[in-house]
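Dear colleague,

Please find below the structure that I am handing over to you. My findings are set out after it.

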Amino acid sequence: MPDRNSAIGVFDSGMGGLTVLKEIIKELPEEDTIYYADAGNCPYGEKSRDEIIRLTDKAVQFLLSRDVKLIVIACNTATTSAIGFLRSEYDIPFVAMEPAVKPAVLNSKTGVIGVLATKCTIEGEALKKLCRRWGEQARIIPVEGHGLVEIVEHNREESSETYRLLSDYIGMMAKEKADHIVLGCTHYPFLEKQIKAIIGDRDIRIVNPAPAIAARVKDLLRESNLLNKGNKAGRHSYYSSSTEEYTSDLQNKIRNLREE
């Protein structure tokens with residue numbers, strides 16, 4: 001059985017979950033982590049629900065084989081399709097992603113917010129439930145970020161294609177007077193600099209849920225008496241279903257993220 005010295009498992013279809021891992025390391029610097037990217041099957045955004053459940057379950061089994069004490073599904077698409085199945089199958093705490101609609105709605109001045117997400121997340125029940133819950137207080141505009149996951153996975157953040165796509169997506173939301181843009185995919189914070197450049201001097205805030213996820217991880221570990229009580233810096237391991245080069249790139253990406 002996992003104990004307080006076991007690692008935190010973090011899973012994503014690719015590199016996106018590193019934006020969550022960064023916040024977990026910042027919040028819990030003494031905890032070991034194991035990151036798994038199913039890059040061989042990325043992106044998940046347009047796969048069927050059954051396929052996403054199968055792939056996510058396989059990743060969870062990989063992490064469990066390394067005796068992790070908690071698993072973060074750092075992927076909105078995987079959460080949308082698989083979190084119910086996972087919680088019914090495994091007796092381990094899971095922390096799942098959810099678009100940060102609530103804080104965006106509560107802080108909006110125009111009463112309009114945009115949600116940039118994958119097709120699967122937009123069509124999923126989790127976002128629809130949030131829209132029903134908060135739709136009376138604000139108009140919520142979901143926009144599919146088609147192509148953005150692939151851009152991050154292939155390190156094309158500064159390409160002309162990136163700026164063209166982001167300009168189109170942000171333009172749709174800005175046209176409707178949205179003053180908050182919720183990043184509904186963990187890959188998208190890698191594009192925050194480009195998004196800010198396109199927003200310019202418009203009064204639009206970007207909402208990244210990763211810090212709240214890290215805080216939730218800490219709370220769950222405390223409640224379960226699983227916080228690591230040591231005072232040494234945690235160790236961080238990286239695995240993927242892709243090449244050794246990709247796995248090495250994960251380490252470079254997180255290093256750059258933590259230096260920002």
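This is a predicted model: local features need pLDDT of at least 70, side-chain atom pairs count only at pLDDT 80 or more; totals for chains, interfaces and linings use all residues.

Residues are numbered from 1 along each chain as its sequence is written, and side-chain values use heavy atoms, with hydrogens and water left out.

**Nonpolar cores**

The largest nonpolar core comprises 57 residues. By nonpolar core I mean a set of buried Ala, Val, Leu, Ile, Met, Phe, Trp, Tyr and Cys residues joined through side-chain atoms within 4.5 Å. Buried stands for under 20% relative accessible area, exposed for over 50%, and partly exposed for what lies in between, with a 1.4 Å probe and protein chains only. The residues with the most contacts inside this core are Ile8, Leu18, Val72, Leu148 and Val217. Another core, of 24 residues, lies apart from it and includes Ile34, Tyr36, Tyr44 and Ala82.

Val72 is in contact (heavy atoms within 4.5 Å) with Ile8, Gly9, Val10, Phe11, Val20, Ile24, Val95, Ile213 and Val217, leaving aside its neighbours within four places in sequence. Val217 belongs to helix α10; helices (H or I, at least four residues) and strands (E, at least two) are DSSP runs, numbered from the N terminus. Val217 has 0% relative accessibility and therefore counts as buried. Residues up to four places away in sequence not counted, Val217 touches Ile8, Ile24, Leu28, Leu70, Val72 and Val95.

Helix α1 is largely enclosed by the rest of the structure, because eight of its 10 residues are buried. These are Leu18, Thr19, Val20, Leu21, Lys22, Glu23, Ile24 and Ile25. Their cover includes β1 (8-12), β2, β3 (70-73), α10 (210-223), β9 (236-240) and α11. Glu23, with 12% relative accessibility, counts as buried. Its contacts, neighbours within four places in sequence aside, are Ala210, Pro211 and Ala214.

In helix α8 one finds Leu166, which is buried with a relative accessible area of 0%. Leu166 touches Leu148, Gly171, Leu191, Gln194, Ile195 and Ile198, not counting residues up to four places away in sequence. Between Leu166 and His146, 20 residues apart in sequence, the C-alpha to C-alpha distance is 9.8 Å.

**Cysteines**

The structure holds zero disulfides, a disulfide being a pair of cysteine sulfur atoms within 2.5 Å. For Cys42, the closest cysteine sulfur is that of Cys75, and the separation of 8.0 Å is too far for a bond. Cys120 is likewise in no disulfide, the nearest cysteine sulfur, that of Cys75, being 8.4 Å away. Cys120 is buried, with a relative accessible area of 12%.

**Backbone features**

The peptide bond from Cys42 to Pro43 is cis, with omega near 5 degrees. Pro43 is located in the loop between β2 (33-37) and α2 (49-64).

Asn155 has a positive phi, near 55 degrees, in a residue other than glycine. Asn155 sits in the loop between α7 (148-153) and α8 (160-175) and is partly exposed, with a relative accessible area of 42%. Lys177, not a glycine either, has a positive phi of about 75 degrees. Lys177 is part of the loop between α8 and β7 (180-183) and, at 58% relative accessibility, counts as exposed.

**Largest pocket**

The largest pocket holds about 350 Å³ of space. On a 1 Å grid over the protein atoms alone, a cavity is a set of points where a 1.4 Å probe fits but cannot get out, whereas a pocket is an open set with protein on both sides within 12 Å along at least five of seven lines; lining residues have an atom within 4 Å of a point. Grid points are joined across faces, edges and corners, and the volume is the space filled by probe spheres set on the points.

The lining has 15 residues, of which Pro189, Phe190, Glu192, Leu257 and Glu260 lie nearest the centre of the pocket. At least two lining residues come from each of α1 (18-27), α9 (192-199) and α11 (244-259), and α9 gives the most, with four.

With kind regards
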